[in-house]
Amino acid sequence: MRLRVAAGGPAALKVLAAAGAAAAPVRLVWAGPSAETVAPAAPRSGRDPLAPASGSSPLRRGLSAPAERPLAPGSAPWVPALELDSGTVLFSPNAICHLQLFLLPLPRFFFLARGEEPTDLTNQWLEWEATELQPAASAALYAQLVHGKKGLEAVGALGKLLAHIEQNLSRRGTAYLAGDTESVADVVVWGTLFPILQDETSLPSELQALRSWFQSMTISEACRKAVDSVLVPKALLEFKSYLQKQPPPCLAMERATSNEPEEEEGSERALTEEEIAAAAEAWARGAAALPKPWQPQKPVLPVEGMRNVLITSALPYVNNVPHLGNIIGCVLSADTFARYCRLRNWNTLYICGTDEYGTATETKAVEEGLTPQEICDKYNAIHADIYRWFNISFDYFGRTTTPYQTTIAQDIFQRLLARGFLLQDTVEQLRCEDCQKFLADRFVEGTCPFCSYEEARGDQCDKCGKLINAVELKNPQCKLCRGVPVVKPTQHLFLDLPKLEEQLEPWLEKSWATGDWTANARYITRSWIRDGLKPRCITRDLKWGTPVPLDGFRDKVFYVWFDAPIGYLSITANYTEQWERWWKNPQQVELYNFMAKDNVPFHSVIFPCSLLGADDNYTLVNHLIATEYLNYEDGKFSKSRGVGVFGDMAKDTGIPADIWRFYLLYLRPEGQDSAFSWSDLMLKNNSELLNNLGNFINRAGMFVCKFFGGTVPNMVLTPDDKRLLARVTLELRQYHQLLEKVRIRDALRCILSISRHGNQYIQVNEPWKWIKGNENDRQRAGTVTGVAVNMAALLAVMLQPYMPSVSSAIQEQLRIPPECFVLSHDFTCTLSSGHRVGTVSPLFQKLENDQIEALRKRFKGGQAKQTPPASEPAAVVAPGDPQLIQELTEEVAKQGNHVRQLKANKAEKAEIDAEVAKLLELKKQLALAEGKSPEVPVPKGKRKK
């Protein structure tokens with residue numbers, strides 16, 4: 001293999017370091033920006049070039065055709081390129097990640113060639129590096145080399161991203177990003193960061209875990225030699241000269257997320273005179289400038305010439321009660337967006353319902369001694385009641401156990417069969433001889449073949465997320481009788497996904513180009529495509545399901561993940577007989593799917609393939625919105641252990657539904673997992689709602705009542721007032737931009753920012769003092785009061801998708817006309833002089849510490865014993881104690897940092913081994929506390945260089 005790199009080019013760092021770490025047999029070819037052709041040269045590291053590999057590893061499709069010599073002519077001078085012995089050329093990680101969907105980044109290829117397949121966590125880091133870190137790093141490097149910025153000033157754009165690395169290293173307590181041994185993820189992330197952070201004083205001192213990891217990587221042999229080879233002074237000057245001729249890199253809107261809202265940089269920028277004048281003009285136009293609120297017909301149907309938005313949230317399984325994570329992941333997120341769409345006058349239909357067929361229902365029926373239908377009736381009512389309490393605004397909430405489900409599912413099946421997209425095959429399946437039946441996936445539990453999780457289901461592992469076949473489970477058990485099943489052959493039908501792939505890929509590329517898919521949805525889908533699609537079984541040996549209408553299979557039913565998404569169609573059909581106007585109308589309808597990330601492949605691959613193969617002009621998803629997971633107090637929700645708040649419990653806490661909605665949306669896991677915390681709930685309620693938002697709206701209304709007899713006074717705007725209008729307009733437009741991209745959590749901070757501006761405006765202008773002065777002073781008090789109460793009216797509308805009951809209360813208190821309850825992009829004076837407000841009262845109540853501590857204790861679940869001292873034998877740790885989990889997590893992070901520091905300082909092996917043993921023991925205790933297997937994997941030996 002020949003590897004072309006350019007000295008001075010930062011992209012070469014990760015490639016050379018990866019080649020060295022993987023001991024890849026490559027021959028280096030050095031190139032520069034002025035080189036028109038390149039020739040082999042000895043590597044500058046002093047190492048002799050290795051001979052080309054004998055033969056080449058098989059590559060996935062998407063690589064370029066064999067290249068003519070010289071290597072990669074015409075490609076960008078700073079772009080690394082690898083020519084395989086076959087003549088095929090791979091290009092840089094940056095180009096691959098950003099321009100090609102299915103290529104392998106060069107560093108990853110080196111590790112693959114050595115036989116190291118990246119884990120899911122490694123792939124997540126590679127995706128994050130390409131989509132989040134690289135753009136920000138490019139901007140920081142440009143600031144350093146072109147603008148001359150240094151130290152912390154230069155790395156400002158990386159702040160949240162560095163914190164993301166720090167948080168992950170600390171939380172996992174591992175020496176490296178994806179585990180206890182170095183992986184391609186470490187090399188790639190390090191290679192992107194090193195050109196900016198090579199002066200370690202640029203790293204904030206509080207990022208200890210990141211510092212230790214960065215130092216450890218930098219002193220490794222492969223990385224050190226890559227630095228010596230690439231970052232030579234003369235070449236860096238050439239690269240700087242090259243950069244000076246390029247436009248500055250633009251950062252995308254996407255940012256790393258955390259539980260805390262980010263301050264919007266754009267909101268504090270200087271306002272232009274044009275913006276101020278435009279805001280004053282829009283204000284003056286008043287309520288007459290607002291669009292008239294749209295009142296759709298019933299049932300809601302697509303309308304020619306309007307934006308028709310169809311919204312679904314993943315159908316919740318009927319066999320359980322949803323917890324807070326389920327609620328924010330699907331129905332609440334979708335509800336917030338649906339409410340926003342309606343405020344925009346978009347013709348919107350939001351449907352959902354319970355997923356009632358399949359093994360999960362049969363299992364629950366056995367557990368409760370009921371029939372499957374009785375279970376469905378019971379839990380459908382529970383779900384509907386919970387969502388009603390949370391104020392979820394479904395246009396229709398249905399269920400899948402209906403005649404329409406059978407009709408539509410069987411029609412799609414028949415169309416797939418007629419078009420040759422179904423296969424028949426004999427499969428090995430687990431059969432319980434004691435129960436005298438083949439066991440569907442959910443009736444089997446065992447050890448995951450991928451991650452060794454001991455409670456994996458027969459269809460999917462809840463820990464690593466991989467889809468599995470039940471026969472692959474280690475140590476399988478029948479869930480009905482706990483007997484050991486045996487493998488026996490049975491006939492099943494398969495959806496021919498490989499045959500449908502040629503239709504799927506162009507559709508995906510179009511949907512990604514024109515729609516808004518979350519980064520995790522894109523990544524999960526790409527990983528499925530990259531790994532190659534395989535035929536997927538669509539039948540199961542069950543009684544409770546949609547029957548298969550084919551001779552030889554009439555004793556079987558459709559597999560739930562073929563059948564369940566069709567529930568969106570059948571539920572709509574139960575809502576209106578004209579359901580096809582929504583579901584067979586891609587020309588007029590935009591489809592948004594909301595779900596947690598574990599449901600992505602079924603909505604992005606399997607269900608679209610079914611509809612594409614059916615070839616009946618079906619509406620396919622345009623925007624796939626997937627969340628990460630919401631944890632509970634750094635642990636997991638568990639109904640059986642009584643850990644965490646479930647939907648049927650929330651209303652018994654005494655905390656109003658809108659407070660739950662606000663907090664769940666405030667910490668919505670958009671970019672990474674987040675965690676519910678009772679202390680944080682109290683803090684956000686008391687600070688953001690009570691002291692910020694509620695305080696401002698109450699003061700604005702009370703000033704109208706107290707100083708002006710309940711009538712909005714006359715307003716004479718000053719330049720400062722007009723600047724405030726422009727600032728509010730910027731926040732309003734940012735709110736729109738974020739919600740149009742379904743960045744629900746980030747848009748919420750725009751509301752809170754406006755109320756902060758309002759509080760500051762009142763505090764600076766002190767209307768309670770001006771009201772006591774002369775006529776001019778009273779006029780000033782009136783202007784401040786009038787502007788403030790109009791800001792409160794705007795907030796009432798903006799808040800409606802998030803807190804509908806609070807929004808209605810503000811509307812009633814301020815007597816906001818219904819025709820003003822619509823969103824535009826301008827801040828207008830909707831409550832003009834002379835408008836009468838109603839009775840104003842506080843919107844929020846303070847949450848007290850005693851109240852919160854009582855709730856924390858109530859939902860804590862089982863108690864766990866204290867962690868014993870290291871010198872004593874380990875006691876049995878009862879799982880589920882969030883406090884113990886938190887303590888152990890912190891101890892693991894602390895010990896992990898200590899181990900990393902010892903390795904970075906080249907401590908004695910015996911000392912390192914002793915501290916690693918302590919770390920492993922802490923991890924074992926943490927695993928026990930979390931209810932996981934206590935077995936800790938034996939650390940691998942250090943790789944030979």
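Glu 766 sits in the loop between α27 (744–765) and α28 (767–770), where helices (H or I, at least four residues) and strands (E, at least two) are DSSP runs numbered from the N terminus. This is a predicted model, in which local features need pLDDT of at least 70, side-chain atom pairs count only at pLDDT 80 or more, and totals for chains, interfaces and linings use all residues. Residues are numbered from 1 along each chain as its sequence is written, and side-chain values use heavy atoms, with hydrogens and water left out.

**Backbone points to check**
- Glu 766 has a positive phi, near 45°, and is partly exposed because its relative accessibility is 26% (buried means under 20% relative accessible area, exposed over 50%, partly exposed in between; 1.4 Å probe, protein chains only).
- Arg 482, in the loop between β12 and β13 (486–495), also has a positive phi, near 65°.
- Lys 298 and Pro 299 are joined by a cis peptide bond with omega about -5°.

**Strands and a helix**
- Strand β10 (residues 444–447) runs antiparallel to β12 (residues 474–478), with three bridges joining them; strands pair if DSSP finds at least two bridges between them.
- Thr 447 faces Lys 474 in β12, while Gly 446 has Ala 456 of β11 as its bridge partner.
- Helix α8 (residues 208–218) is largely enclosed by the rest of the structure, because nine of its eleven residues are buried; Trp 213 and Phe 214 are among them.

**Confidence**
- The protein chain averages a pLDDT of 81, on the predictor's per-residue confidence scale from 0 to 100.
- Across residues 33–76, pLDDT stays under 50.
- Where pLDDT is low, the predicted coordinates should not be read in detail.

Technical notes:
Contact means heavy atoms within 4.5 Å.
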